[in-house]
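Colleague: I'm new to this one. Can you put it up and walk me through it?

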Amino acid sequence: MTTPPRERFLALVKTAIDEGKLVKLTLGKYRGADGTLKNIFVRPVTLKSGPQLTFVSRHDTRDITKNHPPAEALALIEAMLGGEFLDAHLFTTTGTAQFEGSPEGKNRLRIKANLAGDTATESSPAPHDRAKSYAIPADAAWLRALGVTNERGQPREGMADKFRQIQKFSELLSHLIQEAKLPDDRPLTVVDMGSGKGYLTFAIAALLRDRATVRGVESRPELVELCNRVAREQGFPHLSFQAGRIDSVAFENRDAKSENPVDALLALHACDTATDDALARGIAAGASLLVVSPCCQKELRHQLVAPAVLAGALQHGIFQERQAEFVTDALRAQLLEWAGYRTKVFEFISTEHTAKNLMIAAIKTHPAGGESTARRIREFAAFYGVRSQKLAAHLRFPLISPAQ
C-alpha cells in the first residue's frame with residue numbers, strides 16, 4: 001500500500017529534525033481564520049536549554065516568534081499541514097521537498113535530491129534553484145519600513161551592502177549570544193549604543209524577540225522618533241529607542257534575578273573615543289557580552305612615536321592612519337582582557353561592502369586584573385609612545401607604570 005503524500009512529507013520532516021539536517025520549513029497557502037497571517041517559517045536553533053525549533057509567524061505588519069521542543073514542534077506541524085496550510089517546502093542539507101495540498105484532499109509530493117533514502121527522487125537542483133537562507137528573512141516588514149528592501153524582499157537601490165551587513169551581523173550575533181551563554185531563565189537586556197537609523201538594533205530585536213528587551217540609544221532625536229514609530233507599527237513591543245549620549249545615558253536594573261542592568265552591549269561604528277565610552281559603560285554595567293565595530297580611531301595618532309626602523313614607511317599619511325587604527329584597537333582588546341573578558345577581533349564583512357569592517361567581541365569569563373596582562377599592556381603602549389587612552393582612563397588603568 002502506497003503511503004499518502006502528507007504522511008511521507010511529515011516523515012521526511014521528522015527524519016531531517018532527528019538527524020540534524022533541517023535547514024528550514026516553510027508553511028504557506030494559509031486558509032485559516034486569521035486574515036493577517038501569511039506564512040510560518042520553522043528553523044532549528046540551539047538554546048541553553050537544548051535544541052528547539054523556532055516558529056516565525058509572518059503577518060501583514062509584524063512577525064511573531066515562538067520556540068518549541070522538537071516533539072512539540074512536530075505535533076504542531078502535523079496539525080497545521082493539510083489543514084490551515086495547504087503548501088509546505090522542506091529544505092535540508094541534502095535536498096528539498098514540497099507538499100502541495102488542496103481543499104479537496106488531492107495532495108502531491110515533489111522531492112529533489114535524496115531525502116532520507118526516499119525512492120521518488122528527481123535530479124538535484126541547480127545551485128541557483130536553492131533557496132537562500134537568511135538569519136533575517138529578506139521579506140521582513142521592518143526591512144521594508146526602514147527602506148532596506150522592496151515589496152519583493154529585494155534590496156533597494158544603494159542598499160545591497162547594508163542588507164548584507166544586517167545579515168552577516170545577525171548571523172555573528174546569534175553565535176556570540178550562544179557562546180556567551182546568556183541566561184535563558186529571564187528576559188535579557190540588550191543595549192545598542194549609537195543606534196543610528198536602527199538597522200542593526202531591529203535585527204537584534206528580530207533575532208531575540210520575546211527573549212530580550214532591546215534599547216537603542218541615539219543622539220539625534222529625529223532618528224529616535226523614526227525608529228520608535230517603526231517599532232510600534234511593526235509589532236516590536238520589547239524594542240525602544242531613546243535620545244541621549246553614550247557617556248550619559250542611565251542604565252536601570254529592571255530584573256530582580258539579574259545582578260547587572262545590562263546583559264549585552266553593542267556599539268557599531270561609534271566614532272573615535274565613543275567606542276571607548278561604550279565599552280566602559282558595558283563593563284561598568286556588568287555586561288556578559290560586548291560587541292563593537294570601531295571607526296575613526298583618531299585619539300592616539302598624535303601620540304604615536306614610530307620605532308626608528310618604521311620612520312621611513314610612516315612618512316606616508318595612509319600608513320600613519322592604519323597604524324593608529326591598529327594600535328588603538330589592539331590596545332582596546334588587551335584592556336578588555338585585563339577587565340575580565342575573552343576577546344576576539346575579526347572582520348565581520350568583506351571590505352568590498354564596507355571599510356568599517358573590524359569587530360571586537362568580548363565575553364566575560366574571568367575576574368578583572370592580572371599583573372602579567374597589565375605588564376604586557378604597558379610594554380605595548382611604551383613601544384608606541386602611548387601615554388594616555390580613553391578606555392584605559394575609564395578603567396583607571398595607568399599606561400605608564402606607577403614605578404616609573
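Colleague: Let's start with the strands. How many bridges join strand β8 to β9?

Modeller: Six bridges join them, and the two strands run parallel. Strand β8 covers residues 188-193, and β9 covers residues 212-218. Two strands pair if DSSP finds at least two bridges between them. Helices (H or I, at least four residues) and strands (E, at least two) are DSSP runs, numbered from the N terminus.

Colleague: Before we go on, what kind of model is this?

Modeller: This is a predicted model: local features need pLDDT of at least 70, side-chain atom pairs count only at pLDDT 80 or more, and totals for chains, interfaces and linings use all residues. Residues are numbered from 1 along each chain as its sequence is written, and side-chain values use heavy atoms, with hydrogens and water left out.

Colleague: Back to β9. Which residue of β9 does L188 stand opposite?

Modeller: L188 faces A212.

Colleague: And what do β8, helix α5 and β9 make?

Modeller: A right-handed β-α-β unit, with α5 spanning residues 199-208. Right-handed means that, with the strands pointing away from the viewer, the path from the first strand over the helix to the second runs clockwise.

Colleague: What about strand β10? How many bridges join β9 to it?

Modeller: Five, and β9 and β10 (residues 239-243) run parallel. V214 has L239 as its bridge partner in β10. The chain gets from β9 to β10 through helix α6 (residues 221-233), and that β-α-β crossover is right-handed.

Colleague: Why is β9 called largely enclosed by the rest of the structure?

Modeller: Six of its seven residues are buried, so the rest of the structure largely encloses β9. Buried means under 20% relative accessible area, exposed over 50%, partly exposed in between (1.4 Å probe, protein chains only).

Colleague: New topic, rings. How many aromatic pairs are there?

Modeller: The count is 10. Rings of Phe, Tyr and Trp (its six-membered ring) pair if their centres lie within 6.5 Å; planes under 30 degrees apart count as stacked, over 60 as edge-to-face and the rest as tilted. F380 and Y384 form a tilted pair, 5.3 Å centre to centre with 55° between the planes.

Colleague: Where do F380 and Y384 lie?

Modeller: Both are in helix α9 (residues 371-384), four residues apart, about one turn of the helix.

Colleague: Why is the pair of F383 and Y384 edge-to-face?

Modeller: The planes of F383 and Y384 are at 80°, with ring centres 5.0 Å apart, so the pair is edge-to-face. F383 is partly exposed, at 49% relative accessible area. Y384 has 11% relative accessibility and counts as buried.

Colleague: Which residues form one aromatic cluster?

Modeller: W142, F202, F236 and F241.
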